[in-house]
Amino acid sequence: MSATANKASILIERTYPASVSELWELWATKDGFESWWGPEGFRVEVHALEPKENGLLHYTMIADAPEMIEAMRRGGQPTSHEVRARFSAFSPQKTLTITSVIDFLPGVEAYESNIDVLFTPLAHGAHMAVTLHAMHDAQTTGMQRAGFTSQLGKLDKRYAK
């Protein structure tokens, strides 16, 4: 496991004892996506997932752990929000890019943010390299990294030996 950051992006890599096909399903199917997406204490409900280039990805991120619900309320944040995205690049079992519309941050004009994923088969598993592109400010980029690392923790547990 490693995470490195620079001004433009954050690279997070994982190697799992799973096939590329199995990892791909986690990103490109409703059941797979819902099984792990969202930081600890959150879950998602997928409304649309079209696994193709420029295919729609629409889901609701929901705080479902009592401590996360309380933390969101204390911070004046809603306990759920809709995310509209698309697969702006899509090469089955090789690479994909999810482009999300970031329109749920109070006081911040809506913008797009990309997550790039590269899948590499290995002799005894698969490698996944995820690039998170920087958000509008350093604090939000840090929150993005923490949230994504937390949700990858769900996969880490799933594939722990």
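User: Is Glu-112 buried, partly exposed or exposed, and what is its relative accessible area?
Analyst: In this predicted model, the class of a residue rests on its relative accessible area, with buried meaning under 20% and exposed over 50%. Glu-112 falls in between, so it counts as partly exposed, with a relative accessible area of 48%.

User: Which residue forms a salt bridge with Glu-112?
Analyst: The closest N and O atoms of the pair are 3.1 Å apart, and a salt bridge requires such atoms to lie within 4 Å. The pair links distant parts of the chain, 26 residues apart, with Glu-112 in strand β7 (residues 111-122) and its partner in strand β5 (residues 80-91).

User: How far apart are the closest N and O atoms in the salt bridge of Arg-84 with Glu-82?
Analyst: Arg-84 is partly exposed at 46% relative accessibility. Glu-82 is also partly exposed, with a relative accessible area of 43%. The closest N and O atoms of this salt bridge are apart by 3.7 Å.

User: Why does the salt bridge of Asp-156 with Arg-14 tie together separate parts of the chain?
Analyst: Asp-156 forms a salt bridge with Arg-14, the closest N and O atoms being 3.0 Å apart. Asp-156 belongs to helix α4 and Arg-14 to strand β2 (residues 9-16), so the pair joins parts whose separation in sequence is 142 residues.

User: Are Asp-156 and Arg-14 buried or exposed?
Analyst: A relative accessible area under 20% is the cut-off for the buried class. Asp-156 and Arg-14 both belong to that class: they are buried.

User: How many salt bridges does the structure hold?
Analyst: For the whole structure, the number of salt bridges is eight.

User: Where is Met-135 found?
Analyst: Met-135 is buried, with a relative accessible area of 15%. Its place is the loop between β8 (125-133) and α4 (138-158).

User: Which residues does Met-135 touch, not counting residues up to four places away in sequence?
Analyst: A contact requires heavy atoms within 4.5 Å. With residues up to four places away in sequence left out, Met-135 touches Ile-102, Tyr-111, Ser-113, Thr-140, Thr-141 and Gln-144.

User: How far apart in space are Met-135 and Asn-114, C-alpha to C-alpha?
Analyst: In sequence, Met-135 and Asn-114 are 21 residues apart. In space, their C-alpha to C-alpha distance is 9.2 Å.

Methods. Residues numbered from 1 in each chain as written. Predicted model: local features only at pLDDT ≥ 70, side-chain atom pairs only at ≥ 80, totals over all residues. Heavy atoms only, no water. Helix = DSSP H or I, 4+ residues; strand = E, 2+ residues; numbered from the N terminus. Buried < 20%, exposed > 50% of the residue type's maximum accessible area, 1.4 Å probe, protein only. Salt bridge = Lys/Arg side-chain N within 4 Å of Asp/Glu carboxyl O.
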